[in-house]
Amino acid sequence: FYTEEEVTAVIGDEHWVPTPRFPLVQGDKVRSIYAGNLSRVNELAAICEKLELPSTDLAIVCIRELLHLLGGDATAASKLRSWVLDEENAYRGIGIHPTQKRYAVIAMQDPTGKVAFFQMVGHAFGWIAAVYNFNRRARLRQQLLRKLFLLPCFSYYDDTFGFETEDTIDTAEQCVREVHGLFGIPYGEHKVKVGPRVDILGVAYNLPKLKVHITKKRRKALLTELQHILDVNKLSPGNAGKLKGKLLFASQQLWGKLCRSLLPALSHRQYRHQGACWNALGVRLHGAANDLTDSLRWACKSWKRVIAHGKTRDILAYADGRNDIVIYTDG
């Protein structure tokens with residue numbers, strides 16, 4: 001639609017709210033982002049639950065249990081298999097409630113330069129409500145696969161994965177595909193991976209050797225981004241927040257709390273006032289607001305060393321089915 005009157009006629013409510021759409025380049029692809037923070041649609045989302053997402057630790061516990069059930073001998077690891085399935089356009093699969101249509105109007109500039117509007121029929125990337133509404137369905141699907149089909153599986157947003165033996169992997173894969181079909185959840189064939197060596201959430205699982213490590217693709221991407229920041233000697237608050245999220249996810253998946261001391265510098269830049277930068281004498285430093293500080297430079301260099309040389313994690317197998325216990329204190 002090109003006029004507000006056309007939108008009102010379709011929505012049926014003159015108090016509709018437009019949300020701007022803009023592109024975000026992520027590596028070799030472009031993602032559409034819907035700025036729910038600018039339209040203030042995100043402020044209307046009432047968050048009354050906490051996301052429960054799996055970790056690499058939980059996956060390792062599952063693998064160890066399978067090893068125990070297989071006897072825990074030297075040949076048990078060779079019988080392990082894994083599968084992973086990634087949805088396509090995940091958030092779009094969750095429909096907009098008819099009473100909420102006035103909050104699902106998108107505004108963007110078309111190729112002619114005009115401002116155009118369209119109504120979303122599914123959730124969008126950039127809405128807080130999309131995260132929680134989508135994960136409700138992901139949790140439902142996970143529970144059905146576990147309770148009805150006895151699959152040891154996990155859901156992390158639009159990624160679903162699990163671990164099996166060589167005797168059950170074929171029926172497990174068929175079951176997962178059928179359940180997605182019954183739900184009407186589309187997935188790309190190229191996003192289904194099955195075998196003894198599978199990449200899950202940027203983590204490579206080498207089940208025959210019982211090893212877990214960061215994937216080459218993710219390692220290269222993070223190292224390239226960190227080196228670019230050091231080369232240009234600048235880091236904006238927005239990019240600091242995005243980088244912190246990527247590094248925190250990677251470190252938690254593989255190295256636990258090892259790297260938490262390297263995050264405060266990024267957090268300080270992320271939440272820093274985005275106005276002018278001043279020196280100790282009160283002189284305004286033009287163009288220096290995003291320059292790297294000594295602590296930021298040290299953090300970036302340290303992260304490079306951790307990512308480049310971080311050790312491969314072992315999936316330790318105990319014959320009696322024991323698992324590690326982590327004890328911590330806030331003292």
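User: Where is Asn-233 found?

Analyst: Asn-233 sits in the loop between α6 (216-232) and α7 (237-254), where helices (H or I, at least four residues) and strands (E, at least two) are DSSP runs, numbered from the N terminus. The model is predicted, so local features need pLDDT of at least 70 and side-chain atom pairs pLDDT 80 or more, while totals for chains, interfaces and linings use all residues. Residues are numbered from 1 along each chain as its sequence is written, and side-chain values use heavy atoms, with hydrogens and water left out.

User: What is phi of Asn-233 near?

Analyst: Phi of Asn-233 is near 60 degrees, which is a positive value in a residue other than glycine. Asn-233 is also partly exposed, because its relative accessible area is 27% (buried means under 20%, exposed over 50%, and partly exposed in between, with a 1.4 Å probe and protein chains only).

User: And Leu-210, is that buried or exposed?

Analyst: Leu-210 is buried, since its relative accessible area is 17%. Leu-210 belongs to the loop between β10 (203-206) and β11 (211-214), and its phi, near 55 degrees, is again a positive value in a residue other than glycine.

User: OK, new topic. How do the axes of α4 and α5 cross?

Analyst: The axes of helix α4 (residues 128-147) and helix α5 (residues 169-183) come within 11 Å and cross at roughly 135 degrees. Axes are lines fitted to C-alpha atoms, for helices over the stretch in contact, and angles run from 0 to 180 degrees between N-to-C directions. On the α4 side the contact (heavy atoms within 4.5 Å) is made by Leu-140, Arg-141, Leu-144 and Leu-145, and on the α5 side by Cys-175, Val-176, Val-179, His-180 and Phe-183.

User: Which strands does α4 lie across?

Analyst: Helix α4 lies across β3 (80-87), β6 and β7, and runs at about 175 degrees to β6. Leaving aside residues up to four places away in sequence, Gln-142 touches Cys-153, Phe-154 and Ser-155.

User: What order do the four strands of the open sheet take?

Analyst: The order is β6-β7-β3-β8, with antiparallel pairing (two strands pair if DSSP finds at least two bridges between them). The edges are β6 (153-156) and β8 (187-195), each of which pairs on one side only, and the twist from one strand to the next averages 15 degrees.

User: How many bridges do β6 and β7 pair over?

Analyst: Strand β6 pairs with strand β7 (residues 159-165) over four bridges, in the antiparallel sense. Phe-154, for instance, has Phe-161 in β7 as its bridge partner.

User: Last topic, then: what is on the covered face of β9?

Analyst: Strand β9 (residues 197-200) has Val-198 and Ile-200 on its covered face, whereas Arg-197 and Asp-199 are on the uncovered one. In a regular strand the side chains alternate between the two faces of the sheet.

User: And how many bridges join β9 to β10?

Analyst: Four bridges join β9 to β10, and the two strands run antiparallel, with Asp-199 standing opposite Ala-204 in β10. The hairpin of β9 and β10 has two residues between the strands, and in this hairpin Leu-201 takes a positive phi near 55 degrees.
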